[in-house]
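The sequence and the structure are shown first.

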Amino acid sequence: MPSRPTKSHAIAESRPGRPVSGSVARNCVLPFVAAALLIHGALAQSDYYRHVIFDNSLNAGAYWYSTGRAVAPSGLEQRDGHLPVEERFFLTPPNALRIAWQSEPGGGWDAEIHIVDFRYRFPELKGGNLFFWCYSADGIAARDLPEIVLSTSGEGLQVAQFPASFTVAEPLGKFTSDIPAGRWTRVKIPFDDLETASIYPFHPEHLRSVIFKQGRADAARHALIVDEVRVDDDRDSQTGPAHALRAPLRVTATGYDRHILVRWEDDETDAPARYVILRSREGGPFEPIGIEPAGVHRYSDFPGKPNAKATYKVAAEDWEYRRSEPSESASAQTRELSDNELLTMLQQAAFAYYWDGAEPHSGMAYENIPGDERIVATGASGMGICALIVGVDRGFITRAQGLERMEKILDFLEKAQRYHGAWSHYMDGATGKTLPVFGMLDDGGDLVETSFLMQGLLAARQYFNGASDRERRVFARITHLWETVEWDWYRENAKSDYLYWHWSPRWSFEIHHPLIGFNETMIVYLLAIASPTHGVPAGMYYSGWASQETEAQHYREGWSGTTDGNRYANGHTYYGIKLDVGEGTGGPLFFTHYSFLGFDPHQLRDRYTASYFENNRNIALINRAYCMADPMHYKGYGPDAWGLTASDTPGGYEPSAPDERDDHGTITLTGALASFPYTPEASMRALKHYYRDLGGELWGIYGPRDAYNPTAGWVSPIHMGLNQAPIVVMVENYRTGLVWRNFMANPEIQEMLKKLDAVRGNRR
């Protein structure tokens with residue numbers, strides 16, 4: 001391996017430590033430890049992303065969150081309009097960014113590094129300076145360095161729209177001496193030294209782009225490696241000596257099919273900035289392979305082949321790059337797994353999102369990780385409860401641990417704000433107060449999110465239905481929450497044919513969004529009809545959900561862009577597959593997942609289809625067939641890469657679907673992986689492709705990343721609460737039917753099915 005010069009060799013060389021024998025993985029099930037350190041972890045992660053603009057690129061080759069432009073005769077090295085990723089020299093492993101240019105008279109260039117755009121990132125950066133590190137193999141004189149501009153626009157030097165602004169271009173050499181050859185140099189730019197060049201003031205807390213641009217036209221080729229770009233105050237006087245950081249404890253390594261999971265413990269009382277993961281192969285030196293921010297105590301190393309053995313150590317590091325002694329070592333080896341073991345591996349990894357990654361005060365699920373640690377998502381938490389059942393049954397955690405987590409969640413839900421029994425879409429995990437993320441009208445109850453939550457709670461009510469006093473109390477508490485949801489209130493009035501999505505004590509039904517199928521909201525009508533205390537007539541299934549009224553037809557046409565299925569029934573054939581129910585070609589695949597995590601589609605039929613299981617299967621098959629046909633000619637699609645559904649995309653959260661209007665080249669991994677009950681062979685092929693072929697970029701600390709777009713060269717930087725749980729749960733429903741069986745065991749659900757059968761033949 002080539003040498004990797006770093007600042008004082010502090011990253012490339014581990015300090016002396018006493019190595020001990022680590023554990024080699026014997027199987028795929030790694031028991032989870034009690035999550036006693038979550039509060040420290042959540043706060044530490046939140047702080048980390050209020051400082052860091054760039055630390056590493058998920059993508060090899062080019063960094064998605066960057067842009068480059070050049071005007072001849074000047075030149076700038078680019079890859080598809082982005083900055084190249086540097087993998088030989090770095091400060092924060094495993095990579096950095098490469099800015100290579102030639103400045104000529106009459107030309108120009110600019111290289112922009114943008115803040116990582118993940119959903120609900122805390123909006124303000126904290127600190128009085130911009131810091132970053134530079135490295136040059138040959139050295140660069142200060143006068144030959146680029147100029148630098150800071151912008152509060154995500155598009156850098158594009159025309160600023162209020163309140164975006166940008167600073168006067170300053171010579172980078174003003175803040176540095178000459179950049180020496182073969183040595184990392186830290187650059188500090190005080191914000192107080194910068195002036196706005198925009199018509200608006202420059203607010204550094206809203207910094208979104210760091211821009212290097214042509215300086216002196218010396219007609220020479222230069223290359224500057226840039227790493228760890230962050231905003232911070234001077235910390236020299238705030239941080240204790242290096243020995244204040246203690247080594248992480250109880251490091252373990254577990255080998256799977258193509259990756260090794262490294263875990264450790266740390267109470268983080270010393271407030272590290274990050275952890276550095278070090279790896280040794282075949283008895284060689286320990287070298288840095290990656291970092292994780294404080295608050296994360298797991299790292300996924302991806303050797304990418306079976307029979308790869310490695311030994312690991314972990315060290316804590318502060319913001320001044322002073323590092324603890326390395327931990328004791330742990331070793332593991334990958335091995336070829338059977339299909340059954342691969343499924344367990346997949347479920348356990350995605351389950352960790354709801355266990356290790358849960359909000360610490362409430363036990364609820366975050367909307368996405370990384371994200372805003374204040375925000376817990378009601379619907380994702382219900383799905384996470386379904387995943388919790390799987391985690392207990394698979395032995396990922398003990399039954400006692402599962403009960404303890406359920407009790408924490410119930411403690412939170414019983415105290416959280418409710419609106420005629422419904423919870424809001426998002427809540428503050430520490431207080432239970434509503435967070436109106438979508439605007440001022442979104443300050444009340446959300447019946448759809450409540451239904452996803454209640455689906456999970458009812459499945460848990462039957463699963464934790466033992467004879468012990470503890471389980472009896474959990475059963476009773478869930479029953480009380482279930483019976484106090486006023487489903488009938490969300491009908492708006494006794495004559496309404498529809499249930500409505502939202503109600504607010506301040507705005508009443510002003511949003512006025514009727515629930516009309518076919519989409520993900522079927523479970524709302526099923527639970528509303530099933531409610532023993534606040535039920536609605538079974539006939540609303542047909543007057544509301546499957547409505548034939550003009551309003552319902554226009555609703556379906558509006559979001560699908562077609563008249564196919566605008567009367568709920570479809571009847572058309574796509575790619576040789578007939579679709580009984582669904583708009584257009586079936587829509588996003590989450591329509592076949594969210595309402596059916598607990599509700600078994602085998603047990604539902606209506607006037608329009610004899611089996612919702614078969615209908616859902618056909619939606620999945622059409623989705624795959626569309627991706628195989630790939631009419632938009634996007635990269636990466638095929639028989640093993642399919643599953644268009646709602647997810648993170650390069651343009652934000654979008655519901656992708658198998659039609660030319662709603663297909664933007666983004667493949668969401670949960671699409672195929674949560675479809676295991678419907679398409680087991682095709683889903684297994686997709687799993688092996690995502691994991692074995694693409695896992696170096698797509699496999700993260702909570703299993704599959706949310707999505708990727710091969711055409712754009714983008715990989716989602718997040719895992720998402722609505723997409724990890726369906727993987728865990730639907731794989732289990734395919735394997736054992738566990739969650740379906742427990743949810744359907746609720747007597748109210750069986751009674752509801754009888755009511756639906758009674759009205760099935762009665763047409764209006």
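The sections below go through sheets, helix contacts and salt bridges in turn.

## Basis

The structure is a predicted model.

An open sheet is formed by 5 strands in the order 3-7-12-9-10, with antiparallel pairing. Its edges are strand 3 (66–71) and strand 10 (170–171), each of which pairs on one side only.

Within this sheet, strand 7 (residues 108–114) and strand 12 (residues 209–213) run antiparallel and are joined by 5 bridges. Asp 110 has Lys 213 of strand 12 opposite to it.

## Three-strand sheet

A further open sheet has 3 strands in the order 14-15-18, and here too the pairing is antiparallel. Strand 14 (249–255) and strand 18 (298–301) are the edge strands, each pairing on one side only. From one strand to the next, the twist averages 15°.

Strand 15 (residues 260–265) is joined to strand 18 by 4 bridges, and the two run antiparallel. Arg 263 has Arg 298 in strand 18 as its bridge partner. In general, strands of a sheet pair through backbone hydrogen bonds.

## Helix 2 and helix 3

Helix 2 (residues 339–355) and helix 3 (residues 378–393) have axes that come within 9 Å and cross at roughly 130°. Helix 2 is therefore oblique to helix 3. The crossing of these two helices is left-handed.

On the helix 2 side, the contact is made by Gln 347, Phe 351, Tyr 354 and Trp 355. On the helix 3 side, these meet Ala 380, Gly 384, Ala 387, Leu 388, Val 390 and Gly 391. Sorted by class, the contact has 7 nonpolar, 3 polar and no charged residues.

## Helix 7 and helix 16

The axes of helix 7 (residues 522–530) and helix 16 (residues 747–760) come within 8 Å, crossing at roughly 100°. That angle makes helix 7 roughly perpendicular to helix 16.

Helix 7 contributes Leu 526, Leu 527, Ile 529 and Ala 530 to the contact, and helix 16 contributes Glu 748, Ile 749, Met 752, Lys 755 and Leu 756. By class there are 7 nonpolar, no polar and 2 charged residues in this contact.

## Helix 4 and helix 5

Between helix 4 and helix 5 (residues 447–463), the axes come within 12 Å and cross at roughly 140°. This makes helix 4 oblique to helix 5, and the crossing is left-handed. Arg 399, Met 406, Leu 410 and Leu 413 of helix 4 make the contact with Leu 453, Leu 457, Ala 460 and Tyr 463 of helix 5. The class count for this contact is 7 nonpolar, no polar and 1 charged residues.

## Salt bridges

How many salt bridges does a search of the whole structure find? The search gives 43 salt bridges. As a general point, side chains of opposite charge can pair when their charged atoms come close.

One of the salt bridges links Arg 399 with Glu 471, and their closest N and O atoms are 2.7 Å apart. Arg 399 lies in helix 4 (residues 399–415) and Glu 471 in helix 6 (residues 469–483), so this pair ties together parts that are 72 residues apart in sequence.

Key:
Residues numbered from 1 in each chain as written. Predicted model: local features only at pLDDT ≥ 70, side-chain atom pairs only at ≥ 80, totals over all residues. Heavy atoms only, no water. Axes fitted to C-alpha atoms, helices over the stretch in contact; angles between N-to-C directions. Parallel < 35°, antiparallel > 145°, perpendicular 65-115°, else oblique. Left-handed = near helix turned anticlockwise from the far one by under 90°. Contact = heavy atoms within 4.5 Å. Nonpolar A, V, L, I, M, F, W, Y, C, P; charged D, E, K, R; others polar. Pairing = 2+ DSSP bridges. Salt bridge = Lys/Arg side-chain N within 4 Å of Asp/Glu carboxyl O.
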